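Here is a short report on one protein model. Please keep the sequence and the structure in view while reading.

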Amino acid sequence: MQLVVLGCVTPYPAPGQPCSGYLVSDGDTHIVLDCGSGTFAALQDHLPPAEVTALWISHLHPDHSADLLAWSNWALNTPDAPRITVYGPPGWAQRLNHMLTGTLDTTLVDSIFDAYELRDHHTAVHGSLTLTTRAVEHSVPGFGVRVEGSNTCLAYSGDTEPCDAITDLARDADLFLCEAGAAVPGRHHTTPYQAEQTAITAGVHHLLLTHLALALDATAVARSPAIPTTIATPGQRWPSTQNRDRPDRASHTAANSIT
Ligand SMILES: [Zn+2]
């Protein structure tokens, strides 16, 4: 299994800096976790959209879902575009359909995607990847996910304050992709320190901090991590090479490549 960071900034994209989007691949199975602003273009640096198996959307804030519009326009304007499975929060298809057509049914969305709504404990299998979804604590209905491959597993927080569901998803994960959208503890988001505490409690092997709050200094966040920690950057891969074995939990790093 390999992860490519398509984008990781919030709350709006910048040149070369899309919002949240993560490509998870295992053989011919390719799943995109979140498609925030700018991620559809970034994806095409790595993979033709037609090769994507499924999209999984954590919640409907635009830094995680805005490029559903780009995916729709691609599907509508690409002859023989494959029907891509999309998992999203309740109501996602109606909202997207409304933005595309002004109507609240799902006729257009259903014509281009296989649409499913997420719920707590939802599971889905695509090829060798199994996705387990848990409801998390955000300002709108939101979800985190655990992706298990044949011999590795990663967890992604979506946007959430620390909660038991995230700890459960991250249990013994090889990689914990956790948001750090809060500079100080509060509701709806996680601080880098809280992400680290969750990672320690869950026994994860490597923490990849993403979605850093604007007020945070990325170079300072992972300066003295208690567990191996990396700050996400666009284009970053995990493992850092195709043939790499499981990440080394003994070495601590704050460099840009995940080692
Ligand atoms: Zn966000």
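## Basis

This is a predicted model: local features need pLDDT of at least 70, side-chain atom pairs count only at pLDDT 80 or more, and totals for chains, interfaces and linings use all residues. Residues are numbered from 1 along each chain as its sequence is written, and side-chain values use heavy atoms, with hydrogens and water left out.

Helices (H or I, at least four residues) and strands (E, at least two) are DSSP runs, numbered from the N terminus.

Two strands pair if DSSP finds at least two bridges between them. Strands of a sheet pair through backbone hydrogen bonds, either parallel or antiparallel.

Strand 4 (residues 54–56) and strand 5 (residues 84–88) run parallel and are joined by three bridges. Here A54 stands opposite T85.

## The zinc site

Which residues coordinate the zinc ion? The donors are D63 (OD), H64 (NE2), D159 (OD) and H211 (NE2), at 2.1 to 2.2 Å. Donors are N, O and S atoms within 2.8 Å of the metal (3.2 Å for Na, K and Ca); water is not among the atoms, so sites may look incomplete. The four donor atoms subtend angles of 89 to 167°, so the arrangement is irregular. Four donors count as tetrahedral if all angles lie between 85 and 135 degrees; four count as square planar and six as octahedral if opposite donors are over 155 degrees apart and all others between 65 and 115; anything else is irregular.

Along the chain the donor spacing is D-H-x94-D-x51-H. D63 lies in helix 2 (residues 62–65), and H211 in the loop between strand 12 (207–210) and helix 8 (218–221), so this pair ties together parts 148 residues apart in sequence. Both D63 and H211 are buried (under 20% relative accessible area; exposed is over 50%, partly exposed in between; 1.4 Å probe, protein chains only).

Strand 12 is covered on both faces: L207 and L209 are buried on one side, L208 and T210 on the other. Strand 12 pairs with strand 11 (residues 175–179) in the parallel sense over four bridges. F176 stands opposite L207.

## N97 in helix 4

N97 sits in helix 4 (residues 92–101). Its relative accessibility is 1%, so N97 counts as buried. The N97 side chain makes a polar contact with the D105 side chain (3.0 Å). A polar contact is a pair of N or O atoms within 3.5 Å; within protein, one must be able to donate a hydrogen and the other to accept it, and residues adjacent in sequence count only if both atoms are side-chain atoms.

Leaving aside neighbours within four places in sequence, the contacts of N97 (heavy atoms within 4.5 Å) include G102, T106 and V109.

Most residues other than glycine have a negative phi, and most peptide bonds are trans. D80, not a glycine, has a positive phi of about 60°. D80 lies in the loop between helix 3 and strand 5. The T10 to P11 peptide bond is cis, with omega near 0°.
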